[in-house]
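Please read it alongside the structure shown here.

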Amino acid sequence: MLPPLAAAGLQDLLLFFCGRRQLLKVQGESMLPHLGSEDRILVNQRRRPQPGDVVVAWHPSKPGVRLVKRMHGMDANGMTLLGDNPSASTDSRQLGPIPLALLIGVATSCLRKSQPTSSATKWHP
């Protein structure tokens, strides 16, 4: 089973405010069930990725587009990045190895979009 990304703690937030973490918003469903659309992740741009880490990289053929994927391996050709939800993911299965030079950083924690509340707990005027 793939490990979920830890919730952001005080240390993560302090590192963000000190400029040592980048805050990015997840879009799409390629990382479900661990990360959903609109979740935010804090990214360490100095950490070297290890297999199993959630990483952010530039798309190899679409300038300005970022990929949020899990790293499954790395060799001389680049990183193998796969989404946790294969049916909704464009990743190394279609793109091939992603060059290490396109790595932005390693996600260290997440800030989840608030969970929807049931209609019984909503306030209705």
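A residue counts as buried when its relative accessible area is under 20%. The model discussed here is predicted.

## Strand S3 and its partners

Strand S3 (residues 54-58) is mostly covered, with four of its five residues buried. S3 runs antiparallel to strand S4 (residues 66-75), to which five bridges join it. In this pairing, Trp-58 has Arg-66 in S4 as its bridge partner.

S3 is also joined to strand S6 (residues 103-111), by three bridges and again antiparallel. Here Leu-103 in S6 stands opposite Ala-57.

## Leu-82

Leu-82 belongs to strand S5 (residues 78-82). Its relative accessible area is 16%, so Leu-82 is buried. Beyond its sequence neighbours up to four places away, Leu-82 touches several residues, among them Met-31, His-72 and Asp-91. Between Leu-82 and Val-68, 14 residues apart in sequence, the C-alpha to C-alpha distance is 8.9 Å.

## Salt bridges

The structure holds five salt bridges. One of them pairs Glu-38 with Lys-25 at 3.6 Å, N to O. Glu-38 is in the loop between strand S1 (22-25) and strand S2 (40-44), while Lys-25 is in strand S1, 13 residues apart. Glu-38 is partly exposed at 31% relative accessibility, and Lys-25 is partly exposed at 39%.

Arg-112 and Asp-39 form another salt bridge, with their closest N and O atoms 3.4 Å apart. Arg-112 lies in the segment after S6 and Asp-39 in the loop between S1 and S2, so this pair ties together parts 73 residues apart in sequence. Arg-112 is partly exposed at 39%, whereas Asp-39 is buried at 6%.

Definitions and conventions
Residues are numbered from 1 along each chain as its sequence is written. This is a predicted model: local features need pLDDT of at least 70, side-chain atom pairs count only at pLDDT 80 or more; totals for chains, interfaces and linings use all residues. Side-chain values use heavy atoms; hydrogens and water are left out. Buried means under 20% relative accessible area, exposed over 50%, partly exposed in between (1.4 Å probe, protein chains only). Helices (H or I, at least four residues) and strands (E, at least two) are DSSP runs, numbered from the N terminus. Two strands pair if DSSP finds at least two bridges between them. Contact means heavy atoms within 4.5 Å. A salt bridge is a side-chain nitrogen of Lys or Arg within 4 Å of a carboxyl oxygen of Asp or Glu.
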